[in-house]
Amino acid sequence: MPLLSSSLLNEIEQVPSYQIYGRVAGILGMLVEVAGLDRVLSIGARCNLVARGNRRVPAEVIGFREKRALVLPFGSLDGVGLGCKAELADSDPVIRPHHAWLGRVINAMGEPIDGKGPLPTGIEPYRLRASPPPAHSRSRVGAKLDLGVRAINTFLTCCSGQRMGIFAGSGVGKSVLLSMLARYTQADVNVIGLIGERGREVQEWLEDDLGAEGLARSVVIVATSDEPPLMRRQAAYLTLAVAEYFRDQDRDVLCMMDSVTRFAMAMREIGLAAGEPPASKGYTPSVFAELPQLLERAGPGVGKGSITGLFTVLVEGDDHNEPVADAVRGILDGHIVLERGIAERNRYPAINILRSISRTMPGCNSDAETALVTRARGLLSTYEDMAELIRIGAYKQGSDAATDEALAYYPALESFLSQGRTQRFQIEDGYAELARLLNEAWPAEETNAQPGVDALQGANAEAQAERVA
Ligand SMILES: Nc1ncnc2c1ncn2[C@@H]1O[C@H](COP(=O)(O)OP(=O)(O)OP(=O)(O)O)[C@@H](O)[C@H]1O
Ligand SMILES: [Mg+2]
């Protein structure tokens, strides 16, 4: 058992030889004021509040006021009162992930919550709030990734190491789409963060949507909506820390988070408690500073491994320009927009192709693929422009050749875009099927060469050579 003993030794080294503590001097809502530790604590540092009955409640410093540290707890404050001890704790929180975490469900503290027994700990510590790899030494995004969902594979192709957002109002199908992507994507490992979900939904999602097979190659991190904001925020950090661990093992990781909005809401609660001024929609400025810090951690690494990111964003009131959606859209390399109107006519996944983009396209496609996708997009867009007139019967067939063509192909395109939860489509079959229904010859002559990807890899090699020089 050499592994176990060295990790045990590591832990023993972390144990401090003496204990510094302060006292609780005030409590307002969830916010606790601690006196006597102002010289030793700093923002982000941890302490343990010792509640009556000797229960320890971990807490984190979020600000200072008049020589008192303002701390928020990770758990319930029951039994914490004035004068209670606040012990200084390890200030740079780390986690020690292990490959045996695959198939397990854990909470924001890295503790198992699936009843399958204790979790082994790895040797290497990973910081929960790590910085993204330096921009200049990061690799470029890799080759195309087969996500198993035809509409995305064909129209919004995603490359490994790319970060995509899935934007939708409530109940439009984000979680179902995410579970399909988790099951069908050809990644080595999935790391899935369920942040601020309803408790009831978590079990259903794990059992019905993700399933045993999907879970076997996933690590799932859960913080439900009833948990304190620090736990919800930490679950998001932990999701990326675990993804970074597998990336450093040279694995291609698919990192998913449902949802980034709930992370932003947790940040908002923390910011407001610390006395930050609310800015747009009550979100505090620190939320918008923290979002890129979190999302930039996904992406290509500096070695062989990569983290492909899929993040859902709940757009409140179906307003796609609300502040969090806007900020996240600007950070990511593409967005998939789900629309209520499409879901209402029962076409799932309810992706609005025209409003969604993947920023690595058309660079990753061959010329023939790009031409095919452009033609299909053109037909959809022509139809959308005339949709109102067509619906009320004001358009007369034969008045415009382009509209007639779009009208003829529209039903076939709609059925191409729909996909049942249990259906899986290969990326190559998607192009062939699209070409067939648009009556185009496929494979087109130069399709197999994939000049786009070759060019991308060529550029990669050049960039690498420049760096070495
Ligand atoms: N591919 C699909 N096929 C059939 N029905 C679907 C599909 N995707 C979603 N639905 C329907 O939409 C409902 C809501 O989906 P889902 O829970 O994924 O939404 P959500 O956007 O995650 O909602 P919330 O914002 O509340 O988390 C599902 O219960 C299901 O009835
Ligand atoms: Mg959901």
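This is a predicted model: local features need pLDDT of at least 70, side-chain atom pairs count only at pLDDT 80 or more; totals for chains, interfaces and linings use all residues.
## Overall form

The protein chain contains 13 helices and 19 strands. Its C-alpha trace spans about 85 × 50 × 45 Å along the principal axes. For 469 residues, a compact globule would have a radius of gyration near 23 Å, and the 25 Å of the protein chain agrees with that.

## Domains

The domain assignment divides the protein chain into domain 1 (19-88), domain 2 (94-362) and domain 3 (369-438). Between the C-alpha centres of domain 1 and domain 3 the distance is 60 Å.

An unreviewed UniProt entry lists residues 160-343 as "domain: AAA+ ATPase".

## The six-stranded barrel

Six strands form a closed barrel in the order β1-β2-β5-β4-β3-β6, and their pairing is antiparallel. From one strand to the next, the twist averages 45°.

N48 has P58 in β4 as its bridge partner. The loop between β4 and β5 (68-73) holds E66. E66 is not a glycine, yet its phi is positive, at about 45°.

## Surroundings of ligand 1

The shell around ligand 1 consists of A168, S170, G171, V172, G173, K174, S175, V176, L314, Y348, P349 and R421. By class, six of the shell residues are nonpolar, four are polar and two are charged. Helix α3 (residues 174-184) gives the most to this shell, with three residues.

## Cis peptide bonds

Y348 and P349, which both belong to the shell around ligand 1, are joined by a cis peptide bond with omega of about -15°. P349 is placed in the loop between α9 (340-344) and β19 (357-358).

Another cis peptide bond links W442 and P443, with omega of about 5°. The loop that contains P443 runs between α12 (427-437) and α13 (451-468).

Note on methods: Residues are numbered from 1 along each chain as its sequence is written. Chains are lettered from A and ligands numbered from 1 in the order in which they are written. A residue is near a molecule or strand if its C-beta atom, placed from the backbone, lies within 6 Å of it. Helices (H or I, at least four residues) and strands (E, at least two) are DSSP runs, numbered from the N terminus. Ala, Val, Leu, Ile, Met, Phe, Trp, Tyr, Cys and Pro count as nonpolar, Asp, Glu, Lys and Arg as charged, and the others, Gly among them, as polar. UniProt positions are given in the numbering used here, feature names are shortened, and annotations may be inferred rather than shown by experiment. Two strands pair if DSSP finds at least two bridges between them. Axes are lines fitted to C-alpha atoms, for helices over the stretch in contact, and angles run from 0 to 180 degrees between N-to-C directions. Domain bounds come from an automatic or database domain assignment. The radius of gyration is taken over C-alpha atoms; the globule rule is 2.2 Å times the number of residues to the power 0.38.
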